[in-house]
Amino acid sequence: MNEQEILKIFKDEKAYLTGHFLLSSGLHSPNYMQCALVLQKPWVAEKLCKDLAKKLLKTKIDVVIGPALGGMIVSYEMGRALKVRSIFAERVDNVFALRRGFSLKKNEKVLVTEDVITTGKSTYEVIDLVERHGAKVVAVASIVNRSDGAAIFSQDFHSLLNINIKSYRPEDCPLCREKKNPLVKPGSRALHV
Ligand SMILES: [Zn+2]
């Protein structure tokens with residue numbers, strides 16, 4: 001699938017909306033993306049991750065890891081596509097850790113996955129966790145990369161959809177000035193009609 005086809009899936013699943021949105025950061029944006037709405041359909045998640053896994057055919061991978069909660073489903077589906085085990089990292093006192101008996105062996109080859117990479121911060125933290133366990137991160141993969149080049153990894157980095165979603169400070173927001181679309185807070189009822 002090309003990027004236009006991936007974006008169409010997001011639009012069809014109402015996971016990519018156009019309007020005037022108040023983000024949790026306080027910024028305003030003409031677009032809102034909620035990857036969970038795409039991943040709620042396991043057959044769609046499977047299809048996307050199969051496609052993402054195709055980019056990793058030449059990479060030897062022993063285990064896939066993703067940060068809870070966003071990266072868990074992608075990690076699981078990537079594990080299915082690549083036929084390797086899949087684990088997830090959870091925050092304990094705000095630091096990512098392996099729980100539930102999950103472990104990484106020394107020098108195991110690890111793929112770090114995410115649903116959406118925005119700043120790359122949680123991905124960097126999971127890479128750090130993997131390295132603390134003596135394993136080796138061989139690649140990073142996400143369904144969406146909306147970092148606009150801000151997330152840079154020393155490992156190979158693959159995404160299905162690269163998209164730049166604009167955001168504005170309220171006082172600079174052209175959508176507020178236009179007064180065409182009322183400001184909507186994502187997650188509110190208005191998004192589900
Ligand atoms: Zn605005």
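This section describes the fold of a predicted model, from the overall dimensions down to a single loop residue. Residues are numbered from 1 along each chain as its sequence is written. Because the model is predicted, local features need pLDDT of at least 70 and side-chain atom pairs count only at pLDDT 80 or more, whereas totals for chains, interfaces and linings use all residues.

The chain contains 6 helices and 8 strands, where helices (H or I, at least four residues) and strands (E, at least two) are DSSP runs numbered from the N terminus. Their order from the N terminus is α-β-β-α-α-β-α-β-β-β-α-β-β-α. The radius of gyration is 18 Å, close to the 16 Å that the globule rule gives for 193 residues, so the chain is as compact as a globular protein of that length. The radius is taken over C-alpha atoms, and the globule rule is 2.2 Å times the number of residues to the power 0.38. Along the principal axes, the C-alpha atoms fill a box of roughly 55 × 35 × 30 Å. Of the 193 residues, 36% count as buried; a residue is buried if 20 or more other C-beta atoms, placed from the backbone, lie within 10 Å of its own, exposed if 12 or fewer, and partly exposed in between. Among contacts with a separation of 6 or more, 62% join residues 24 or more positions apart, a contact being a pair of residues whose C-beta atoms, placed from the backbone, lie within 7 Å.

Strands β1 (residues 16–22) and β2 (residues 28–33) form an antiparallel pair with 5 bridges; two strands pair if DSSP finds at least two bridges between them. Phe-21 has Ser-29 of β2 as its bridge partner. The hairpin has 5 residues between the strands, and Gly-26 in this hairpin takes a positive phi near 95 degrees.

An open sheet of 6 strands, with mixed pairing, has the order β5-β4-β3-β6-β7-β8. At its edges stand β5 (95–97) and β8 (156–162), each with a single partner strand, so one side of each is left without a neighbour in the sheet. Neighbouring strands are turned against each other by 25 degrees on average, direction ignored. Within the sheet, β3 (residues 63–67) and β4 (residues 85–92) pair in the parallel sense over 5 bridges, and Gly-66 has Phe-88 of β4 as its bridge partner. Helix α5 (residues 121–132) packs on the sheet and touches β3, β4, β5, β6 (109–117) and β7; its direction makes about 165 degrees with that of β6. Angles run from 0 to 180 degrees between N-to-C directions, and axes are lines fitted to C-alpha atoms, for helices over the stretch in contact.

Helix α3 lies across β7 (136–145) and β8, at about 140 degrees to β8. Helix α3 (residues 42–54) also packs against α4 (residues 72–82) at an angle of about 60 degrees, with the axes 9 Å apart. Residues meeting there include Cys-49 and Leu-52 in α3, and Ile-73 and Met-78 in α4. By class, this contact has 9 nonpolar, no polar and 3 charged residues; Ala, Val, Leu, Ile, Met, Phe, Trp, Tyr, Cys and Pro count as nonpolar, Asp, Glu, Lys and Arg as charged, and the others, Gly among them, as polar.

Arg-146 is located in the loop between β7 and β8. Arg-146 is partly exposed, with 19 other C-beta atoms within 10 Å. The C-alpha atoms of Arg-146 and Ile-117 are separated by 6.0 Å, although the two are 29 residues apart along the chain. Beyond its neighbours within four places in sequence, Arg-146 is in contact with Met-33, Val-116, Thr-118, Ile-163, Asn-164 and Ile-165.

Notes
Two residues are in contact if their C-beta atoms, placed from the backbone, lie within 7 Å.
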